[in-house]
Amino acid sequence: HIPVICVDGPTASGKGTLASEVARRLGYHYLDSGALYRITGLAAVRAGLALDVAHEHTIARMAETLPVVFVDGSVLLAGQDVTDDIRTEEAGMNASKVSALPAVRSALVALQQSFRRLPGLVADGRDMGTVIFPDAPMKVFLTASAGQRADRRHKQLISKGIQAKIDDLRADLEARDARDSNRAVAPLKPAQDALLLDNSSQTVEESVAQVLRWWEE
Ligand code: C5P
């Protein structure tokens, strides 16, 4: 059976950083499932669709046939580089809206599962351990305080030369967490067999080392 390590958690908890580094150390593949929802949101907006239930099935069909390619850290949508476009706060909010539509979630299941290839996969998202890879041998649920997460997101944006107010970022991520946690399908919550990791006062290296220790146990 091909091993999968799931890393789930709320917005800006550091899942991507942790999961991609663990994948690199183990020589495993890496799935950034949030990127698929971000790309779907972007494709729907570009098609002029409102991101609501009135267009649920149209957006789901788009998700099922996304002309997306991942190459060397870049994301191409229909041949166009959208790497930066899907990383904005607005793209995150749009991702959260399309991800609340059950048909869109179903449309992305097979694509996500297709990333499970030898020698193994590290997958990050909201429902990796609960829905997409329920049989995964290890599931980590990552948390950090809202204040810490807003602060990290702020530093990330500043380093890219983007201005933002910490209070606005915190309000945005709390709104996104609320939508992700309260939706009917695949709400954000730890799998029953998840290991909880609060990285509020950990460095990236400390969380990576912790996950690798758990994996070796
Ligand atoms: O992780 P990231 O911030 O890129 O995800 C963007 C949005 O996509 C999340 O706020 C969430 O609503 C949605 N998402 C999801 N399930 C996943 C990954 C992301 O619903 N597995």
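**Note on the predicted model**

1. W215 is partly exposed, at a relative accessible area of 22%. Here buried means under 20% relative accessible area, exposed over 50%, and partly exposed in between, with a 1.4 Å probe and protein chains only. The model is predicted: local features need pLDDT of at least 70, side-chain atom pairs count only at pLDDT 80 or more, and totals for chains, interfaces and linings use all residues. Residues are numbered from 1 along each chain as its sequence is written, and side-chain values use heavy atoms, leaving out hydrogens and water.

2. The structure holds 2 aromatic pairs. To pair, ring centres of Phe, Tyr or Trp (its six-membered ring) must lie within 6.5 Å; planes under 30 degrees apart are stacked, over 60 edge-to-face, and the rest tilted. One of the pairs joins Y28 and W215 edge-to-face, with 6.4 Å from centre to centre and 90° between the planes. Y28 sits in the loop between helix 1 (15–26) and strand 2 (29–32), and W215 in helix 10 (residues 204–216), so this pair ties together parts that are 187 residues apart in sequence. Y28 counts as buried, at 18% relative accessibility.

3. F70 and F115 also form an edge-to-face pair, 6.2 Å centre to centre with 75° between the planes. F70 belongs to strand 3 (residues 68–71) and F115 to the loop between helix 6 (109–113) and strand 6 (121–125), so parts 45 residues apart in sequence are tied together. F70 is partly exposed, with a relative accessible area of 38%, whereas F115 counts as buried at 15%.

4. On the overall fold, the protein has 10 helices and 8 strands; these are DSSP runs numbered from the N terminus, helices being H or I of at least four residues and strands E of at least two. The radius of gyration is 17 Å, close to the 17 Å that the globule rule gives for 217 residues, so the protein is as compact as a globular protein of that length. That radius is taken over C-alpha atoms, and the rule is 2.2 Å times the number of residues to the power 0.38. Of the 217 residues, 47% count as buried.

5. A contact means heavy atoms within 4.5 Å. Among contacts between residues at least 6 apart in sequence, 75% join residues at least 24 apart.

6. Helix 4 (residues 89–99) has 8 of its 11 residues buried, so it is largely enclosed by the rest of the structure. Its buried residues include M93, N94 and V98. They pack against helix 2 (33–46), helix 3 (56–64), helix 5 (102–107) and helix 9 (166–182).

7. Some backbone details deserve a check. Most residues other than glycine have a negative phi, and most peptide bonds are trans. L118 and P119 are joined by a cis peptide bond, with omega about 5°; P119 lies in the loop between helix 6 and strand 6. D72 is not a glycine, yet has a positive phi of about 45°. D72 is in the loop between strand 3 and strand 4 (74–77) and counts as exposed, at 82% relative accessibility. A186, also not a glycine, has a positive phi of about 50°. A186 falls in the loop between helix 9 and strand 8 (195–198) and counts as buried, at 12% relative accessibility.
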